Amino acid sequence: MSPGRRERGLVRPYVVTDGRAYPTRNTFDLVTLVMAHPDRPLTGLSPEKRRVMELCLGGALSVAEVAGHLELPVSVTKVLLGDLVDSGHVSTRSPIPAAELPDTQLLQEVLDGLRARL
């Protein structure tokens, strides 16, 4: 890692979050899905928040994926996402819990039945 990159990395998260260490809402985990609202104006958004919007306009991404694309720590990404949820630019959804997913055996039986008919 170059010295300039290392120095920038030490200051940048603090600057990106306006000095905040925690999001306004604590409802994000690594697999929370983020969806952008295309009708919201991008004027006044920071470059990082604009990038989140660009990333999520193509479809839902997890918090971990957004952080990876931004090359920012997850904690910083959560602060940015909290701001974007508050402003109505994005919405989030928890993934479907495993208890609500269909039974694997049932899905296999449906697949076998379809194959038998074709």
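1. Let's start with how the chain connects to itself. In this predicted model, 70% of the contacts with a separation of 6 or more are between residues 24 or more positions apart. The protein has 118 residues, and 28% of them count as buried.

2. Next, the order of the elements. The protein contains five helices and three strands. Reading from the N terminus, they follow one another as α-β-α-β-α-α-β-α.

3. Which residues touch the most other members of the largest nonpolar core? They are V52, C56, L70 and V90, in a core of 20 residues. Two or more residues come from each of β1 (33-36), α2 (47-57), α3 (63-70) and α4 (74-86). The element that gives the most is α4, with five residues. As general background, nonpolar side chains in soluble globular proteins tend to be buried together.

4. V90 deserves a look of its own on your screen. With neighbours within four places in sequence left aside, V90 is in contact with V34, M35 and A36, and also with H37, M53, L81, L84 and V85. V90 is also one of the residues that touch the most other members of the core.

5. Now for the helix pairs. Two packed helices are described by the angle between their axes and the distance between the axes. For α2 and α4, the angle is about 75° and the axes are 10 Å apart. An angle from 65 to 115 degrees counts as roughly perpendicular, so α2 is roughly perpendicular to α4. On the α2 side, the residues that meet α4 are E48, K49 and V52; on the α4 side they are L80, L81, D83 and L84. By class, this contact has four nonpolar and three charged residues, with no polar ones.

6. K49 and D83 form a salt bridge, with 3.1 Å between the closest N and O atoms. The pair links distant parts of the chain, since K49 is in helix α2 and D83 is in helix α4, 34 residues apart. Are these two partners buried or exposed? K49 has a relative accessibility of 15%, so K49 counts as buried. D83 is buried as well, because its relative accessible area is 13% and the cut-off for buried is under 20%.

7. E54 forms a salt bridge with R51, where the closest N and O atoms are 3.7 Å apart. Both residues lie in helix α2, three residues apart, which is about one turn of the helix. E54 has 48% relative accessibility and counts as partly exposed. R51 is also partly exposed, at 34% relative accessible area.

8. From α3, the residues involved are V63, V66, A67 and L70; they meet V74, T77, K78, L80 and L81 in α4. Sorted by class, the residues of this contact are seven nonpolar, one polar and one charged. L80 and L81 also meet residues of α2.

9. Please have a look at G88, in the loop between α4 and β3 (90-93). Which residues does G88 touch, not counting those up to four places away in sequence? They are H37 and R40. G88 and R40 are 48 residues apart along the chain, and their C-alpha atoms are separated by 7.5 Å. With a relative accessible area of 28%, G88 is partly exposed.

10. Finally, V31 sits in the loop between α1 (3-16) and β1. Not counting residues up to four places away in sequence, V31 touches S62 and P95. V31 is partly exposed, with 47% relative accessible area.

Definitions and conventions
Residues are numbered from 1 along each chain as its sequence is written. This is a predicted model: local features need pLDDT of at least 70, side-chain atom pairs count only at pLDDT 80 or more; totals for chains, interfaces and linings use all residues. Side-chain values use heavy atoms; hydrogens and water are left out. A nonpolar core is a set of buried Ala, Val, Leu, Ile, Met, Phe, Trp, Tyr and Cys residues joined through side-chain atoms within 4.5 Å. Buried means under 20% relative accessible area, exposed over 50%, partly exposed in between (1.4 Å probe, protein chains only). Helices (H or I, at least four residues) and strands (E, at least two) are DSSP runs, numbered from the N terminus. Contact means heavy atoms within 4.5 Å. Axes are lines fitted to C-alpha atoms, for helices over the stretch in contact, and angles run from 0 to 180 degrees between N-to-C directions. Angles under 35 degrees count as roughly parallel, over 145 as roughly antiparallel, 65 to 115 as roughly perpendicular and the rest as oblique. Ala, Val, Leu, Ile, Met, Phe, Trp, Tyr, Cys and Pro count as nonpolar, Asp, Glu, Lys and Arg as charged, and the others, Gly among them, as polar. A salt bridge is a side-chain nitrogen of Lys or Arg within 4 Å of a carboxyl oxygen of Asp or Glu.
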